[in-house]
Amino acid sequence: MPTPVELDRKSIEEIPNAHLEGQTWSIGSYLASRLEEIGVKHHFAVAGDYNLALLDQLLLNKNIQQVYCCNELNCSFSAEGYARANGVAACVVTFSVGSITAFDGLAGAYAEELPVILISGAPNSNDFGDNHLVHHALGTLDLQYPLDFARRITCEAVAITHPEEAPHLIDKAIRAALRKKKPVYIEIPCNLASAQCSKPKPVDWFETPKSDPASLKAAVREAAQFLENAVRPVMLAGPKLRSHGGIEAFRRLAEAVGCGVAVMPSAKSFFPEQHRQYIGIYLGAAGSPGSADVVDSSDAVFAAGPLFTDYTTTGWTAQPSENRLIQVDPHRVRVGATTFNDVYLAEFLSALAKVVKPKPKTLVEFDRTKVQVASPPAADPGAPLTRAEMCRQIQGVIDRNTTLIVETGDSWFNGLNMNLPDAAKFEIEMQWGHIGWSVPATFGYAVKGGDRRIVLMVGDGSFQLTAQEVCQMIRLNLPVLIFLVNNRGYTIEVEIHDGPYNNVKNWDYSGLMKVFNAEDGHGVGLRATNGGELAAAIEKARAHTGGPVMIECTIDRDDCTRQLLEWGSRVAIANARPQQRA
């Protein structure tokens, strides 16, 4: 995953001043102004009768574009993708039937530490106290349940019931999202969207939290001593580095230590792969060649922003032991068994870089023993397409201006195996792991992506969940290149636990582009059954300038990566552990 656009005082100053003297403010225009202030240039929406007045109010702000989605699940995942590119995102849905559908993507944003602001329309404010039964609800008098649900998957959930409280509650939610790097929920009754409220007042949205000085000093001293005592330390970049602003500080610290640097899968592209200290993806037996040997045999693992789960540890087989671990979380540092609270990640990394001493031994050992992985030779152009040939050709598409997005499944491992040039970016959703995430997330990322080349690798089974959002890529003429791997099913589930439920009905995937184009679209759908057809399709894609191109790559059902086989078998063993007696 890449570093998001940094949002700070400078970026605020570049936004046109919406706080005009004499302007009257509705709750909707107040919300739009606040979204503009924090750098949201687009908000995603699905219309419903409870949010129509709010959508009208938001449209009055010409500095923010309203972007439409096919359904609320896709809407929330589109916002999640936008947040990866922009640092923060917003989406607007209707009450209950809309918000509950969107909660899936909102929970994903929580798991992936992305500040997404979900705004839901609600019934008329009078209905909450008048014992009315309303539509889009459960047929009971309880209308609080969406707010109750939201509180479990957000860092702040608010419901506006009176116009005078709207500015405070909107600001409270937005501030929480930006500071905690988590999603929030704002509920606005349909009759209050145009109600008048006070005008926005200046807010320092991006005030940097400061560590407790004593805790920071103690943590730096203990960590420096821990590394000093180690003979073979190694560093590990984790996914929380991005959301908590630690990527550059981590690199400076790594260069000060001089040891080998591995990255967790969700942190691919956080440390340059061309850097002399880079030793690959750490994923146990499913990781880069030689990476696990270095990490597992080191006597000190410095893990910054990690997330150790059954997936990221390949079924609990690749998790550093506590006695040799320095774990730097967003708000605390743990050195061995000692925890230092109220210590912020980026500040700690920067402070530690000033006092550490070089410890290059793991890098020397890796350089001595590493296996050079040769690029696969080009296949016979007329031979049936294989996964290896497909990936070889996709590798040729990736340059420093590319963002590669990979879907849950073998696309994870195909993407992790790609060599990224400096400045290329990578997106994966490994914590929430929702199949179908990547299509709407790619749409959202591309809305913000500017002139970057957006490349998506997605399997056929996952694509079927959220395929509709390709039509929105067509609608906005977004230059997305989609490699759809058609192997007739859920290959990742096959390798974990096979059964008839892993088969999917085949579609004419490339033919869908004609359906989505209808009378005014310019998307292109192509199919490749061999290397020659794929090469020709990529050339057509490079030349196309009028929207997305989808290349359907047909490969054998059992043609998958070695890593998927290793990872799938170990995760299956972890899932099948027998119940332990208390």
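This is a predicted model: local features need pLDDT of at least 70, side-chain atom pairs count only at pLDDT 80 or more; totals for chains, interfaces and linings use all residues.
Residues are numbered from 1 along each chain as its sequence is written, and side-chain values use heavy atoms, with hydrogens and water left out.

**Entry: Ser26.** I place Ser26 in strand E1 (residues 25-26); helices (H or I, at least four residues) and strands (E, at least two) are DSSP runs, numbered from the N terminus. Setting aside neighbours within four places in sequence, I listed Gln57, Ala193, Ser194, Ala195, Gln196 and Cys197 as the contacts of Ser26 (contact means heavy atoms within 4.5 Å).

**Entry: helix H2.** I checked burial along H2 and found 11 of the 11 residues buried, so H2 is largely enclosed by the rest of the structure. Among the buried residues are Gly28, Ser33, Arg34, Glu36 and Glu37. Just after H2, Gly39 takes a positive phi of about 95°.

**Entry: H2 against H7.** The axes of helix H2 (residues 27-37) and helix H7 (residues 166-180) come within 10 Å and cross at roughly 30°. Axes are lines fitted to C-alpha atoms, for helices over the stretch in contact, and angles run from 0 to 180 degrees between N-to-C directions. I therefore record H2 and H7 as roughly parallel to each other (angles under 35 degrees count as such). Ile27, Tyr30, Leu31 and Arg34 of H2 meet Ala166, Pro167, Ile170, Asp171 and Ile174 of H7. By class, I noted seven nonpolar, no polar and two charged residues in this contact; Ala, Val, Leu, Ile, Met, Phe, Trp, Tyr, Cys and Pro count as nonpolar, Asp, Glu, Lys and Arg as charged, and the others, Gly among them, as polar.

**Entry: the sheet.** I traced an open sheet of seven strands with mixed pairing, in the order E11-E10-E9-E12-E13-E14-E15 (two strands pair if DSSP finds at least two bridges between them). Strand E11 (278-281) and strand E15 (338-341) are the edge strands, each pairing on one side only. The twist averages 15° from one strand to the next. Strand E14 (residues 332-335) and E15 run antiparallel, joined by four bridges. Val333 has Phe340 in E15 as its bridge partner.

Key:
Angles under 35 degrees count as roughly parallel, over 145 as roughly antiparallel, 65 to 115 as roughly perpendicular and the rest as oblique. Buried means under 20% relative accessible area, exposed over 50%, partly exposed in between (1.4 Å probe, protein chains only).
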